[in-house]
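Below is a colleague's note for someone meeting this structure for the first time. Please keep the sequence and the model open while reading the numbered points.

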Amino acid sequence: MNNKIIIINGPNLNLLGEREQSQYGSDNYEQLKENCIKKSKEIGLNCEFIQSNLEGDLVNKIQDARKNYDGMIINAAAFTHTSVAIRDALELFKKPIIEMHISNIYKREEFRHKSLISGVATGGIFGLGTEGYILAIISLQKLLKNENR
Ligand code: DQA
C-alpha cells in the first residue's frame, strides 16, 4: 500500500504568485498543489495538500494527521516564528516531519531567524523556492522507504 503524506501550509501561502514574488516566486498555490500531488504520485505516495490561515485550524489538522498519515511536510509560514501550539502538536506526530520554507528565512529579517518548529522536525528545506516542496517530497519518500525495510 502507498504511504500517505500530508503537506500543511500556513497563513498567506494561499496567495502565492501574488505576494512578494521576489521571495516566493511566481507559481501560484494551485500550481504548487498540482505539482506536489503529481510528483507524489510518480514516486508512489498519496499526498494531501492543505492550507489554512488559522492557527487553531492548523493545530487540529496536525492532531488529526497522527492517525491518518505516515509523514508530513509543513510550511507553517509566519506561525513558524511564533506558535508554541503548532510546535506542541507537531511533537505528538511521531513520524517524519520536514520543515519547509520557500525563502531563506536566515537571510531575511531577524524575527524570521528563529523557528519554533525546527526542534521537532526530522529535517528542513529553506531558500530553494517552491522547488523545495518537490525535494521535500523526495526526501520524505526515502525516509519512509527506509522505515519500512
Ligand atoms: C515562509 C517564511 C516565513 O517567514 C513567512 O512568514 C512565510 C513563508 C517561507 O516559505 O519562506 O509566510 O515560511
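**Notes on the predicted model**

1. The buried residues of helix 4 pack against helix 3, strand 3 (71-75) and strand 4 (97-101); here helices (H or I, at least four residues) and strands (E, at least two) are DSSP runs numbered from the N terminus. The buried residues of helix 4, which spans residues 84-91, include Ile86, Ala89 and Leu90, where buried means under 20% relative accessible area, exposed means over 50%, and partly exposed lies in between (1.4 Å probe, protein chains only). Viewed down the axis of helix 4, its buried residues fall within an arc of 100 degrees, so they line one face of the helix; that arc is taken from the directions from the helix axis to the C-beta atoms.

2. A word on the basis of these notes: this is a predicted model, in which local features need pLDDT of at least 70 and side-chain atom pairs count only at pLDDT 80 or more, whereas totals for chains, interfaces and linings use all residues. Residues are numbered from 1 along each chain as its sequence is written, and side-chain values use heavy atoms, with hydrogens and water left out.

3. Which residues touch the most other members of the largest nonpolar core? Of its 22 residues, they are Ile7, Ile73 and Tyr133, a nonpolar core being a set of buried Ala, Val, Leu, Ile, Met, Phe, Trp, Tyr and Cys residues joined through side-chain atoms within 4.5 Å. Strand 1 (3-9), helix 2 (29-42), strand 2 (45-51), strand 4 and helix 5 (131-147) each supply at least two residues of this core, and helix 5 gives the most to it, with 5 residues. A second, separate core of 19 residues includes Ile50, Ala65, Met72 and Ile97. In soluble globular proteins, nonpolar side chains tend to be buried together.

4. Tyrosine 133 deserves a separate look. Not counting residues up to four places away in sequence, tyrosine 133 touches Ile7, Asn9, Leu13, Leu32, Cys36, Phe49, Ile73, Asn75, Met100 and Ile102, contact meaning heavy atoms within 4.5 Å.

5. Glutamine 141 lies in helix 5 and, at 18% relative accessibility, counts as buried. Leaving aside its neighbours within four places in sequence, glutamine 141 is in contact with Ile43 and Leu45. A polar atom of the glutamine 141 side chain lies 3.5 Å from the backbone oxygen of isoleucine 43.

6. The residues around the ligand are Arg19, Tyr24, Asn75, Ala77, Ala78, His81, His101, Ile102, Ser103, Ile105 and Arg112, each having a heavy atom within 4 Å of it. A side-chain N or O atom of histidine 101 is 2.8 Å from an oxygen atom of the ligand. For isoleucine 102, a backbone N or O atom lies 2.7 Å from a ligand oxygen, while for serine 103 a polar side-chain atom lies 2.6 Å from an oxygen atom of the ligand.

7. A search of the whole structure finds 6 salt bridges, each defined as a side-chain nitrogen of Lys or Arg within 4 Å of a carboxyl oxygen of Asp or Glu. One of them joins aspartate 57 and lysine 61, with the closest N and O atoms 3.5 Å apart; these two residues are 4 residues apart in helix 3 (residues 55-68), and are therefore separated by about one helical turn. Aspartate 57 is partly exposed at 27% relative accessibility, and lysine 61 is partly exposed at 30%. Lysine 67 and aspartate 64 also meet in a salt bridge (3.9 Å, N to O), and both lie in helix 3, 3 residues apart.

8. Arginine 108 forms a salt bridge with glutamate 109, the closest N and O atoms being 3.9 Å apart. Salt bridges that share partners join Glu20, Arg108, Glu109 and Arg112 into one network. Is arginine 108 buried or exposed? At 11% relative accessibility, arginine 108 counts as buried, whereas glutamate 109 is partly exposed at 37%.

9. Asparagine 12, in the loop between strand 1 and helix 1 (21-24), has a positive phi of about 75 degrees although it is not a glycine. Alanine 77, in the loop between strand 3 and helix 4, has a positive phi of about 50 degrees, and alanine 77 counts as buried at 13% relative accessibility. Most residues other than glycine have a negative phi.

Methods. A polar contact is a pair of N or O atoms within 3.5 Å; within protein, one must be able to donate a hydrogen and the other to accept it, and residues adjacent in sequence count only if both atoms are side-chain atoms.
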